Amino acid sequence: MKIELKNKKIKDIDAQLELIFVVNKDLDHTFIADKKDLKKLNFKGAQDSTCLMAQSDRLYIGVDSLESFNLRSAAAKAIKAIKSTSYSTLKVASYIDQDESSIQAMIEGFVLGKYSFEKYKSDKSKNRVETITLSTQCFNNQKVDITKANAAIVTAKAIATSTNFTRDIVNTTPDDCYPEVMAEIAQALAKKHGLGCTVLKPNEIKEQKMEALLAVARASRHKPRVIHLTHKPKKPKAVVSIIGKGLTYDSGGLSLKPSDFMVTMKADKSGGSAVLGIMRAVAKLDLPIEVHGFVGAVENMIGGDAYKPDDVLVAKNGKTIEVRNTDAEGRLVLADVLCYAQQEVKSDYIFDLATLTGACVVGVGEYTSGVMSNHAKPTNLLLKASQDVSGELATKLDFNKYLKGTLKSNIADICNISNTRYGGAITAGLFLSEFIDEDHKDKWAHIDIAGPAFVEHEWGENPVGASGAGVRLVVAALQSLVK
Ligand code: BES
Ligand code: ZN
Ligand code: ZN
C-alpha cells in the first residue's frame, strides 16, 4: 500500500474516496459535508463507528479525541469498513493536535487495519486499497511540518509492517512453522535488512550447556534452534538485548493440555516472532542503538523420549531445576536463552517477551501485557512506551519475597512451578529472575504477552488471531532511549 503526503488542499487531491474523521462527535465541523444525511442515518460519530456515503464518496469515522490511541484504532476501522468495496485510492486530511505523532498513529492504523491472514483460504478476500494520500491541510487549520509529517509516515510504515510481519509468523500453523523454519525466517530477514544472524543447532546448543531447553525439545521430531540477530550501528547510544519465547507448539508435554486449551498454542511462538518483528523495525528505522534479538525456538511434545515431571534439569548457569509440570516449559527455554544472551552481550537493558502464563491473562485481561522486574527503571521505560505512544496496553505486576518462596524445591535449587495456585504470572517472572546475573538485575524486565498476543476476535486495530503484541511496545521503548 502506497502512502504519500501532498502539499495540497484536500479538495485538490484526486482520489476515489475521502476519509473524514468526526472528532469528539462534532458534526458541525466544516469538513462534514453530509451532515444532514448522517443525521438521517443516526450516525453520531462514536469512537470507531463508520458511515460510508457511496453517493458522495465519503467515509466518516468517529474518533473521541486526537490522542494516538483513538486515532490509530479509528483509522484501522476505516480501512476495514471498505474491505469489500472497490475503492482503491483514498485521501484524508491531517489531524494534528499537538505534534505529528498523530499522523504516525493514523498511518499505523491504516496499515494494521488492512492486515488479514488468508494463507490457508482458497478464496482470498481482496482489500483493494492501494494508495492513501494525506493532505497537509489540517482539520483545525494547524500548520503541518512537511519534514516531520514525512518522517512520521516512514516510521509508521516501518513499525506497522513489522507488526504485520510478526502476525504472519504467529498465525502460521505448527506444521508449517517449526524451529528450523523460524531460523530460516530469521536468516532471510537478516539478509534482506543487513542484520547479523547466528543460528545454533542442537550440537552447538549442547556445547553451550542449554540442557533445560534441550529437555523441552527432546520429544519433538523438529529439532530446536537458538537464533541470535544483531543490529550494530556505528557509535550506538545504548546496547539492548531482547529475548523471545519461540514455542512453535506447546502441547503441554507429558503434563498434557486439555484439548480446549491446546487450540491456539501455535501462538506460543509469539514472543520469538515479536523479536523477529522488532529486529525488522529496528533495521528499517536504523535506530542508533545496538540491538540483539535472541529466540529460543522449540516444540514441546509428548513421546517415549519426552522430559518428565520429576526430572531434574541443569540450566546453563548451573542451577538445578525440579520439573513438576512439563507445561511450564517456556520458562525452562527462556532460562537458558537468558543465560546465553547475557554471556554473549553486556546490555544496558534486557527485555524478554513470552506467552508465559494463562495466569497473566486471568489477572489483567486478554488485551494487556504484564511487565515484571526487580527495578523500576526498565519497567517504567516500557510502561511509558505503552498505551498512547505504541498503542499497546501494559501494566506492572510486582514481585514479592513471599511469592518467591513458593518456588522452593526439596531436591533441587528451584522448582519450575510454584506451590500455590495464586499469582502464577508473577511466580513465572520470579523463576526467570533466577537466571539473570547480578550485574544485569536492574536492567531486565519480563513482558508476559500471553493475553494480547493471540485473541480470537477483533479489537482496536488488531485482527482476529495474532496481534504482533510486543513489537510496537518494545520499538517505542527503544525509540524513547534515543529521543
Ligand atoms: N504457553 C502457556 C501459557 C499460555 C496460556 C499462553 C494461555 C497463552 C494462553 C505456558 O507454557 C503454560 O502452559 N503455562 C502454564 C503454567 C503452569 C503449568 C504453571 C499455565 O499458564 O497454565
Ligand atoms: Zn506450556
Ligand atoms: Zn508455553
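**View 1. The shell around ligand 1 holds 4 nonpolar, 4 polar and 7 charged residues.** Here Ala, Val, Leu, Ile, Met, Phe, Trp, Tyr, Cys and Pro count as nonpolar, Asp, Glu, Lys and Arg as charged, and the others, Gly among them, as polar. The model is predicted: local features need pLDDT of at least 70, side-chain atom pairs count only at pLDDT 80 or more, and totals for chains, interfaces and linings use all residues. Residues are numbered from 1 along each chain as its sequence is written, chains are lettered from A and ligands numbered from 1 in the order in which they are written, and side-chain values use heavy atoms, with hydrogens and water left out. In total, 15 residues surround ligand 1 (a heavy atom within 4 Å). The closest are Lys257, Asp268, Asp327, Glu329 and Gly358.

**View 2. Polar contacts of ligand 1 (pairs of N or O atoms within 3.5 Å).** A polar side-chain atom of lysine 257 is 2.8 Å from a ligand 1 oxygen. The side chain of aspartate 250 places an N or O atom 2.9 Å from an oxygen atom of ligand 1. Threonine 355 uses a backbone N or O atom, 3.4 Å from a nitrogen atom of ligand 1. Taken alone, ligand 1 exposes 520 Å², and the protein buries 73% of that (Shrake-Rupley method, 1.4 Å probe).

**View 3. Zinc ion (ligand 3) has an octahedral site.** Lys245 (NZ), Asp250 (OD), Asp268 (OD) and Glu329 (OE) coordinate this ion at 2.0 to 2.4 Å. Donors are N, O and S atoms within 2.8 Å of the metal (3.2 Å for Na, K and Ca); water is not among the atoms, so sites may look incomplete. The 6 donor atoms make angles of 77 to 172 degrees. Octahedral means six donors, with opposite ones over 155 degrees apart and all others between 65 and 115. The donor residues are spaced K-x4-D-x17-D-x60-E.

**View 4. Zinc ion (ligand 2) has an irregular site.** Its donors are Asp250 (OD), Asp327 (O), Asp327 (OD) and Glu329 (OE), at 2.0 to 2.2 Å. The arrangement is irregular because the 6 donor atoms subtend angles of 72 to 167 degrees. Aspartate 250 bridges the zinc ions (ligand 2 and ligand 3), which lie 3.2 Å apart.

Key
Polar contact = N/O pair within 3.5 Å; in protein donor to acceptor, adjacent residues only side chain to side chain. Tetrahedral: all angles 85-135°; square planar, octahedral: opposite > 155°, others 65-115°.
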